[in-house]
Amino acid sequence: DGVVVFAGDDKLTLLAWTTGFYGNVVVLRHDLPGFGTAYTLYGHLFKIDAQSGQNVAAGDKIGEVGATGMAIGSHLHFEVRLGKNDYKSNRNPELWLQLLPGTGTLAGRIVDTTGIVPKGLVNIQRVENGVILKIPVVLAETYTRENMISVLGDDTWHENFAAGELPAGDYRLTLVYNGKVYEQRVKIEDGKLTLVTFIVE
């Protein structure tokens with residue numbers, strides 16, 4: 001449930017790094033016990049079915065998917081913002097979505113010995129009956145400004161990469177950093193989040 005704090009075209013309102021980015025957009029404010037205030041943003045809408053100041057319940061229709069603003073093809077641009085309704089307060093929305101049955105979420109962090117978070121790409125492969133499947137399930141890129149990914153890590157987990165809706169089971173994670181291969185094995189559990197840390201040199 002939430003309150004609509006913005007509903008309209010963002011051509012005159014700065015909601016992203018530039019005006020006119022989302023086109024038709026709806027922003028909801030949510031007061032979440034234990035988290036404070038969060039905002040969810042729904043951008044590039046074809047049609048808006050909500051008005052500023054309106055109270056909405058989970059499941060209410062607030063708009064229709066479109067390709068307005070700076071969109072290439074119809075899709076929903078979804079963001080979660082903590083504390084402030086601004087572009088610099090984004091968190092990874094994968095960590096906020098309800099999981100499909102039989103799936104879990106992976107969140108991780110890559111740090112060096114001084115604690116600095118370097119740029120990295122984690123290869124996530126499924127392991128079935130002790131055999132590592134060759135095709136990666138996903139390549140998880142770290143959140144960095146160089147990647148044009150404007151997401152911050154969670155205030156508690158301090159993750160800098162994540163992958164959602166992974167089928168429960170065993171996985172092999174690999175990272176190549178400064179010519180060295182780092183590997184970890186993890187078990188993704190149904191309905192749970194698994195947190196992993198790579199410490200690199």
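1. Let's begin with Asp 154, which sits in the loop between strand S11 (138-141) and S12. Keep in mind that this is a predicted model. Is Asp 154 buried or exposed? Its relative accessible area is 12%, and the cut-off for buried is under 20%, so Asp 154 counts as buried. Leaving out residues up to four places away in sequence, Asp 154 touches Arg 91 and Glu 159. The C-alpha atom of Asp 154 is 9.6 Å from that of Asn 90, although 64 residues separate the two along the chain.

2. Next, have a look at Asp 155. Its side chain meets that of Arg 91 in a salt bridge, 2.9 Å from N to O. Asp 155 is in the loop between S11 and S12 while Arg 91 belongs to strand S7 (residues 90-91), so this pair ties together parts 64 residues apart in sequence.

3. How many salt bridges does the structure hold? There are twelve. One of them pairs Glu 64 with Lys 61, with the closest N and O atoms 2.8 Å apart; Glu 64 is partly exposed, at 26% relative accessibility. Another links Lys 192 to Glu 189 at 3.5 Å. Lys 192 is partly exposed at 47%, and so is Glu 189 at 39%. Through shared partners, salt bridges also join Lys 47, Asp 49, Lys 61 and Glu 64 into one network.

4. Now for the greasy part. The largest nonpolar core has 18 residues, and the members touching the most others are Leu 106, Val 122, Ile 124, Phe 161, Leu 173, Leu 175 and Phe 198. Strands S8, S9, S12, S13, S14 and S15 each supply at least two residues of this core, with S13 giving the most, four. Another core, of ten residues, lies apart from it and includes Leu 15, Ala 16, Val 27 and Tyr 39.

5. Beyond its neighbours within four places in sequence, Val 122 contacts, among others, Ile 110, Val 138, Ala 140, Phe 161, Leu 173 and Phe 198.

6. Finally, the overall picture. The chain has zero helices and 15 strands, and 43% of its 201 residues count as buried. Among contacts between residues at least 6 apart in sequence, 53% join residues at least 24 apart.

Definitions and conventions:
Residues numbered from 1 in each chain as written. Predicted model: local features only at pLDDT ≥ 70, side-chain atom pairs only at ≥ 80, totals over all residues. Heavy atoms only, no water. Core = buried A, V, L, I, M, F, W, Y, C linked by side-chain atoms within 4.5 Å. Buried < 20%, exposed > 50% of the residue type's maximum accessible area, 1.4 Å probe, protein only. Contact = heavy atoms within 4.5 Å. Salt bridge = Lys/Arg side-chain N within 4 Å of Asp/Glu carboxyl O.
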